[in-house]
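Reader: I'd like to go through this structure with you. Can we put it on screen and start with the charged side chains?

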Amino acid sequence: MRVSATGSPCDAAGAETTGRHRAPRLPFPPQSTGPQAPSAVSPASPQGPFVEGHAMSRYTPAEIEARWQHAWTEADLFRAERDESRSKYYVLEMFPYPSGRIHIGHVRNYTMGDVVARYKRATGFNVLHPMGFDAFGMPAENAAMASGGHPKTWTYDNIDTMVEQMKPLGLSIDWSRMFATCDPEYYGQQQALFLDFLEKGLVYRKNAVVNWDPVDMTVLANEQVEDGRGWRSGALVERRELTQWFFKISDYSEELLDALDGLDDWPAKVKTMQANWIGRSRGLQFAFSTVDAPDGFDRIEVYTTRPDTLLGASFVGISPDHPLAKQLERDREDVAAFCTEARRGGTTEEALEKAEKLGFDTGLTVRHPFDTSWELPVYIANFILMDYGTGAIFGCPGHDQRDHDFCRKYGLPIVETFVPLEGEIDIQAAPFVPAKSEKVRYTRLIAGEEVQTGDEAVEAAVDLCEQNGVGQGVTKFRLRDWGLSRQRYWGCPIPVVHCPDCGVVPEKKENLPVRLPDDVSFDVPGNPLDRHPTWRDVPCPACGTAAKRETDTMDTFVDSSWYFARFTAPRATTPTVAEDVDYWMNVDQYIGGIEHAILHLLYSRFFARAMHICGHLPEKSKEPFNALFTQGMVTHAIYKTEKDGRPVYHYPEEVTLKDGKGFLVDGTEVEIVPSAKMSKSKNNVVDPVAIISQYGADTARWFVLSDSPPERDVEWTASGAEAANKHLGRVFRIASEIAESSDAPGEGDTDLLREMHKTIDEVTKGVESFGFNAAIARLYAFTNTLQRTKAGAAARREAALALAQLMSPMTPHLSEEVWKLLGGEGFVTSAPWPQADPAMLIDDTVTLPVQVNGKRRAEIEVPKDMPKDEIEKIALSQHTVQRALDGATPKKVIVVPGRIVNVVV
RNA sequence: GCCCGAGUGGCGGAAUGGUAGACGCAGGGGAUUCAAAAUCCCCCGCAGCAAUGCGUGUGGGUUCGAAUCCCACCUCGGGCACCA
C-alpha cells in the first residue's frame, strides 16, 4: 500500500490495491446491470411486435457504454500481470501533460493505442497498456503566479479532472499502474538514477548560456522570450552564463547515430531528423598563429568541415564568449560594447540564425597556414557560438551564404576556390554552394585532382594538412551535452549539496526523495527554492558542516525519459525491478506526436543506455522502443470576425454553416480559416467531453480514426461526428434485425462469407499497419453488403458477429452489445481475433483494363490464370481498342498478369 | 535561416509504378409518411447532347505506363536543444 502525503493522482484514479476498480465516473448515470444480467433494451424481448421491438432497440450509447465499462471493470479485464508462460505486448502512448482538460488530440492518440492494445489482446498477447502524467513543468508555476494557487494543487486537480474525462472513453488501460512524475515516489527514484549516473561519470557541471531577464532578474525559457524581449518585463533579453548540470549524451553521439539503422519499425523521417540532429561531420581542426595578440593567445584553434576551401579564406571569426574576446573586452571599451550588444537576444539557434549578422574588427590578424605572408583579419561575430566546435571559424565567402553576406557587409575580399564544370558564375554576386557529392573544378587547389567532388577534396585536404603538420582530421558531432538544470521550483530537485569544505556532495540514497517544500510563494520572480532557508540550508551529508542544497531542479525531459520503464513496476522502491523490466520491456509500440521526433526520443534512447550501465535496464532495452508511430494533430476551422480592427474569434457552436459560409445568430458572416491548430485563444478547441455526452465514446473513437490517415492532421467537423454516430446506429439496427430474424435459408451465402473473409483479411492488415482509416472504409463497405444481402440467417449472423469483432478495437462498447445480441460467448473483448480463410480470398476471374498508349480504352474479364497470349488476343479484339488503334499495327503489347494490358503503337 | 514532412473533386480522403477519385461528408433526385424526423434507393471530378477531351500545388524529366520515381520552384505544417 502506498502512502502518499501529497494526495497522489493515483488515489483519485481508482487505483485501489484490492484488485477492484471503482466504477468510472461518467457523464451519464451508470447502470448496475452486468453483461450477463437481462438487459432492459434486449431486442429479443418477449413482447415481440416489430414496431415496439424497433422502438426499444434504438442505439443508446450512454446506457450501453456505462454498462459495459462497468462489466469490464468488474471482470478486471485490463490489469496486466507478469506471466512468463505468455508472450507480452507493451503498447504505450506518450503520456499527457495535465493541462486541465483532455483535448480531442488526446482522444485520437489514446484511441489509436487502444486499438492496438485491444487487437493484440484478441490475438493472444498479455498486454501492458498503462497511463500516467508528465506533471512537472512551467504551466503550473505560471498558473500559481497568475491566480495565487499552488502548483501542486493545480496539477493534482487537473489530473483528477483529466482522469475523470478519460475514463468514459472505455480505454483498455491498467489504471492500477498510474502515476504522475510529480509524485515523490516517482521523482525520488529519478533522484536515485541521477546519483547512479553521477557515480558512473555521466553527469557533470559546466558553464552554459541562458536567457537572462535583467529587469525581473530571472532565467527565461525560450518560449518566454518574444522578439528578443522578456514576456513579462518587456526587457531586452541577454545571454548570460551560469554553472549548470549536464548529462554526457555526447559520449554516445556515435552510438546513438549508428543504432538508428537497427530501428526498423521507426518512421524513416524520424531517423533522418535524429541523424541530422546528431550531425556527424568530418573536418580539420587546426590553428592560425596570431600577430601581435595578447599573451597566451598566440594561436586560434579553428574547426572546419571545408578545409578544401582554405585558400578562399577572408577572415577569422570568434565568438563573443571566446577567451580571446573576453580578454580583449577587459582592456578595450569598443570591444566590450560590441560584445554586450552581441550577447543581446535569445539563445535559440533560430534567433541566432535570423539575427542580423554583426562583426567587429579586432584589428588583430592571423597568418594563413599555407602562406605566412598572407594575413587575415580577426572579427568577433555574434553568430558564432562558443558551444560549437572551438568557438572560432574561418570565413570562406565564395562558398557559404552567411560568410558571403558578412564579407559584403564589411568589405572583405571574395574569391572562389572552385567553379562548376559547366557554365559561368559571378562569385561577387552570390556564393557557389553545390552539394558536397557533386564534381567541381578547383581553381585554388589544396590537394587532390583538379576535378573532384567536395567530399574527395575535403579528404585530400585533411590528408595533406596532416602530412604537413598543419592540423588534424577529426570527426565531430553537432549533438551537444544535455543541460538539465532549471532555475525553477516545480521540477525534480537535483539531489546534491554544496559544501564549503567538501564541494559538491551527493545526497545519501536513504535520504531520498529530496522532497519539494510545500510552503513557497510565487509573488516574487525567480526560484522560490533559492529563498527558502529551512529547505536550502542543510548540513553536508559527508562532514556535517553547514551547507546548501542545490536549488536547481531537473528539466522535465528527464521525467519523460524513463517513465516507460517505471510503468513495468510503478510502486517499486528501486527505479525498476529486474524481473519486470526483463519481462515487459521493450515498448513494442510507442505512439505519439511528431513534435517529439528529436528531443524526447533521443533523450530517452540515451537514458535507456545510461540506465543499462547502472543495472536498471537489460541490454535489450538500450533501444527501448521497438516500433514508433507518429500521429498527426486534430485541427478545427477558426471562425473570425473583426471589431475595431481587431480579430474576434467565435466558438463553433455560435456559428451556423450554410453553403460553405458561416453566420452568427444576428446574421453577420464570419471568416472561416480552415484546418487551424486548436488553440484556446482562437476558440476552436473541440471538447471531447461534449462529444461523448452527445454521441457516446464509440462515436468519438470511430470518428478520430476514420477519414484521415493517422499520421496526418485531421480536421474535426461536427458533420463528421454525426455521420459516425449514424453509422454506428445502423450497425446496431442491422444486428438487431438479424438477431430477430427466423432461421430461414436465403441466397448468396457464399458470396457474403467470401466478403466476410476479405474484410477480415483487409481489416486485420489495416489494424496491423496503422491503416485505421482504410480499415474503417472497408468496414463501411462490409456493412453495406450485410445490409443488402439476401443470405440466410445463419450466414448473416456469422457475418454480423465477425463485423462486431472487427469493430471491437475501435468501438468496443457497441461491439460488446452486438456480440451479446447475436449470442456471442463471453466478452467480445476476450474473444480470439477472427481468421481469414485464404481459400475464400481468391476470385476465379480478374478484370483487366486495356490501354492503348497508356490511355484506358476497354476492360476485359478473364480467368485469373489465363496465358498472356490469349489475354493479348482478347484485348486486341475489343472494338474500342480497334477504334483507338485506327488501323495501326501494335509495336508491342505489355501484359502484366492480374494488373493491366497496354498496347503500344 | 537550417533540418524533416505534406499538397488529389465542394470537403475528409483511397490508390506507393498499372482503370485516379474506394469509403465517408456535403449536394441533387426518388421511396416511405397525413406530415415531419428517422430510414431506404439512385445520381454526383470538370467541360461537352454525345463521341471525346482535360484533370492529383507549379514547371521540367524518366517510363509502354507517374498521384506514386528524379530535378527545380510555390504554399502549408513540425522541430531548432529552457513549451511539453
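Reader: Is Arg306 buried or exposed?

Author: This is a predicted model. In it, Arg306 is buried, with a relative accessible area of 18%.

Reader: Which residue does Arg306 meet in a salt bridge?

Author: Asp308. The N to O distance is 2.9 Å. Asp308 is buried too, at a relative accessible area of 2%.

Reader: How many salt bridges does a search of the whole structure find?

Author: It finds 40.

Reader: What about Lys509, which partner does it have?

Author: Asp196. The closest N and O atoms are 2.5 Å apart. Lys509 is in the loop between β21 and α15, and Asp196 is in helix α7, so the pair ties together parts that are 313 residues apart in sequence.

Reader: And how is each end covered?

Author: Asp196 is buried, with a relative accessible area of 10%. Lys509 is partly exposed, at 43%.

Reader: What do Glu63 and Arg67 do?

Author: Their side chains meet in a salt bridge, 2.5 Å from N to O. They are four residues apart in helix α3, so about one helical turn separates them. Both Glu63 and Arg67 are buried.

Reader: Which residues are linked in a network of salt bridges?

Author: Glu255, Arg605, Arg609 and Glu623.

Reader: Switching to rings. How many aromatic pairs turn up in the whole structure?

Author: The search gives 46. Ring pairs also link a cluster. Its members are Phe194, Phe197, Trp245, Phe247, Tyr252, Trp482, Phe557, Tyr603, Phe606 and Phe607.

Reader: Which ring has the charged end of Lys476 over it?

Author: Tyr303, with the charged end 5.1 Å from the ring centre. Another case is Lys206, which lies over the face of Phe246 at 4.7 Å from the ring centre.

Reader: Now strands. What is the order in the open sheet of four?

Author: β2-β1-β25-β26, with parallel pairing. The edge strands are β2 (126-128) and β26 (628-631), each pairing on one side only. Direction ignored, neighbouring strands in this sheet are turned by 20° against each other on average.

Reader: How many bridges hold β1 and β2 in their parallel pairing?

Author: Three, with β1 covering residues 88-93. Tyr90 has Leu128 in β2 as its bridge partner.

Reader: Which helix lies across that sheet's strands β1, β2, β25 and β26?

Author: Helix α4, residues 104-122. It runs at about 175° to β1.

Reader: And β20, what does it pair with?

Author: One partner is β21 (residues 503-506). Four bridges join β20 (residues 496-499) to it, and the two run antiparallel. A hairpin of three residues connects β20 to β21. Val497 has Val505 as its bridge partner in β21.

Reader: How does β20 pair with β23?

Author: In the antiparallel sense, over two bridges. β23 covers residues 546-549. Opposite Lys548 in β23 stands His498.

Reader: Last one. Helix α21, is it mostly covered or mostly open?

Author: Mostly covered. Nine of its nine residues, 697-705, are buried. Among them are Asp698, Arg701, Trp702 and Phe703.

Reader: What follows α21?

Author: Asp707, whose phi is positive, near 70°.

Note on methods
Residues numbered from 1 in each chain as written. Chains lettered and ligands numbered in written order. Predicted model: local features only at pLDDT ≥ 70, side-chain atom pairs only at ≥ 80, totals over all residues. Heavy atoms only, no water. Buried < 20%, exposed > 50% of the residue type's maximum accessible area, 1.4 Å probe, protein only. Pairing = 2+ DSSP bridges. Phe/Tyr/Trp six-rings, centres within 6.5 Å; stacked < 30°, edge-to-face > 60°. Lys NZ or Arg CZ within 6 Å of the ring centre and 35° of its normal. Axes fitted to C-alpha atoms, helices over the stretch in contact; angles between N-to-C directions. Contact = heavy atoms within 4.5 Å. Salt bridge = Lys/Arg side-chain N within 4 Å of Asp/Glu carboxyl O.
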